[in-house]
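Welcome! Here is a short tour for someone meeting this protein for the first time.

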Amino acid sequence: MTAEPPERFMDRHDRFTGRVSRSDSPSPVLRAARASDLSELRRLDEEVFQDFAYPGFLLRQLFDMYEEHFLVLDDGTGRLCGYVLAATRALGPDGWILGLCVTEDRRRRGLGWKLMTEVLVRLRRDGIRVVRLTVEPANLAAVLLYRGLGFHPEEPDDGLRPDYFGPGMHRQVMRLDLNVDLPGGAPS
Ligand SMILES: CC(C)(COP(=O)(O)OP(=O)(O)OC[C@H]1O[C@@H](n2cnc3c(N)ncnc32)[C@H](O)[C@@H]1OP(=O)(O)O)[C@@H](O)C(=O)NCCC(=O)NCCS
């Protein structure tokens, strides 16, 4: 599958931005995560992922390693309502999405899309050519979001990896090829 140019991400990003502004609550601000967000990030991660939330010490170290690709949605009151985290390989032009979430009360307003498009644009700007992620095959919301962005299952076996995170924790691996040589380059 051909990668969708970031220009198209941004077209849809604008469309989603319009939809968000029509909601009752003010649009949260998308910004880079800060060290001072870590306790709030932990709360958010536990709220959404519960038993699968990152331990606090790991979240701290992920922030230290990958803060350029760690973005949050700040609702303006000090409360975070979403984040995306991407990790990059030290010795190769590829990266992984390690976390994406939006709080339940803010879903279906284009915010997951907005987080993903922004981090993909930044990854492409920073020379990353392939982005992978894992998703629980039954997580339809996430699968449809990723497919819409151009991710496709990584072969073999349609990306399905039984027991990927341990017994019974099956995942699908998806990938997106970011073509850094597209005419016009990535928007900054
Ligand atoms: C997955 C998640 C981040 C999506 O966030 P969101 O802000 O609700 O998503 P968006 O509003 O940006 O939706 C973008 C597209 O994703 C798909 N989508 C999102 N939620 C969906 C749902 N509940 N059902 C069907 N499709 C859905 C749609 O294609 C949607 O486009 P559309 O609105 O034009 O149909 C959010 O549901 C979430 O945080 N889930 C819990 C954590 C999680 O599963 N994270 C991913 C781990 S791999």
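What share of the contacts in the protein chain with a separation of 6 or more comes from residues 24 or more positions apart? The share is 65%, where a contact means heavy atoms within 4.5 Å.

Before going further, please note that this is a predicted model, in which local features need pLDDT of at least 70 and side-chain atom pairs count only at pLDDT 80 or more, while totals for chains, interfaces and linings use all residues. Residues are numbered from 1 along each chain as its sequence is written, and side-chain values use heavy atoms, with hydrogens and water left out.

**The overall fold**

The protein chain contains 5 helices and 8 strands; these are DSSP runs numbered from the N terminus, with helices being H or I of at least four residues and strands E of at least two. Along the sequence they follow the pattern α-β-α-α-β-β-β-α-β-α-β-β-β. Of the 188 residues in the protein chain, 45% are buried, meaning under 20% relative accessible area with a 1.4 Å probe, protein chains only.

**Helix α4 and the cores**

Helix α4 covers residues 111-125. Its 15 residues should span 21 Å at 1.5 Å a residue, and the end C-alpha atoms are 21 Å apart, so the two agree; the expected span is 1.5 Å times one less than the number of residues. In α4, 13 of the 15 residues are buried. After the helix comes Gly127, with a positive phi near 95°.

The largest nonpolar core has 28 residues, and Ile97, Met116, Tyr146 and Phe151 touch the most other members. A nonpolar core is a set of buried Ala, Val, Leu, Ile, Met, Phe, Trp, Tyr and Cys residues joined through side-chain atoms within 4.5 Å. Elements that each supply at least two residues of this core include β3 (80-88), β4 (94-102) and α5 (140-148). With 7 residues, α4 gives the most to this core. A second, separate core of 16 residues includes Leu44, Tyr54, Leu62 and Val72.

How many disulfides does the structure hold? There are 0, a disulfide being a pair of cysteine sulfur atoms within 2.5 Å. Cys81 is in no disulfide, and its nearest cysteine sulfur, that of Cys101, is 9.2 Å away. The table gives the relative accessible area of each.

| Residue | Relative accessible area |
|---|---|
| Cys81 | 4%, buried |
| Cys101 | 4%, buried |

Definitions and conventions: Buried < 20%, exposed > 50% of the residue type's maximum accessible area, 1.4 Å probe, protein only.
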